[in-house]
Amino acid sequence: MTNNEELLVILMEECAEVQQEASKLIRFGSETWADVLNFEKEIGDLMCMVALAQEAGLIDEEAVLQAAEAKREKLKKWSNLIDD
């Protein structure tokens, strides 16, 4: 397995772990700080892998920021998460 392949596999694993923790928060709520801390830890792990993907040249930081802004604009239109 190449370094980029390993990076992508770990990135996928971290995405799944964030998904699992988000699901647990919906199902069980955040009765303790540990619940929130687990979610924050997994988000941090994912952010680390995104940064490593940028450093490896797999993604372009500016392109990612542009995509994030485009998503924000869509959310303004299609959800109640962002106020105008």
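## A nonpolar surface patch

Leu8, Leu58, Ile59 and Val64 make a nonpolar surface patch of about 270 Å². The model is a predicted one.

Glutamate 21 belongs to helix α1, which covers residues 3-28. Its relative accessibility is 11%, under the 20% limit, so glutamate 21 counts as buried. Apart from neighbours within four places in sequence, glutamate 21 is in contact with Asp35, Asn38, Phe39 and Glu42.

Side chains of opposite charge can pair when their charged atoms come close. Glutamate 21 forms a salt bridge with lysine 24, at 3.7 Å from N to O. Both residues lie in helix α1, three residues apart, which is about one turn of the helix. Lysine 24 is partly exposed, at 33% relative accessibility, whereas glutamate 21 is buried.

## Other salt bridges

The structure holds four salt bridges. Lys41, Glu42 and Asp45 are linked in a network of them. Lysine 41 has a relative accessible area of 44% and is partly exposed, while glutamate 42, at 10%, is buried.

In helix α3, glutamate 73 and lysine 76 are three residues apart, so about one helical turn separates them. Their side chains meet in a salt bridge of 3.2 Å, N to O. Glutamate 73 is partly exposed at 40% relative accessibility, and lysine 76 is partly exposed at 31%.

Definitions and conventions:
Residues numbered from 1 in each chain as written. Predicted model: local features only at pLDDT ≥ 70, side-chain atom pairs only at ≥ 80, totals over all residues. Heavy atoms only, no water. Patch = residues over 30% accessible without salt bridge, like charges linked within 9 Å, V, L, I, M, F, W, Y side chains within 5 Å. Areas by Shrake-Rupley, 256 points an atom, 1.4 Å probe, with all protein chains shown as cover. Helix = DSSP H or I, 4+ residues; strand = E, 2+ residues; numbered from the N terminus. Buried < 20%, exposed > 50% of the residue type's maximum accessible area, 1.4 Å probe, protein only. Contact = heavy atoms within 4.5 Å.
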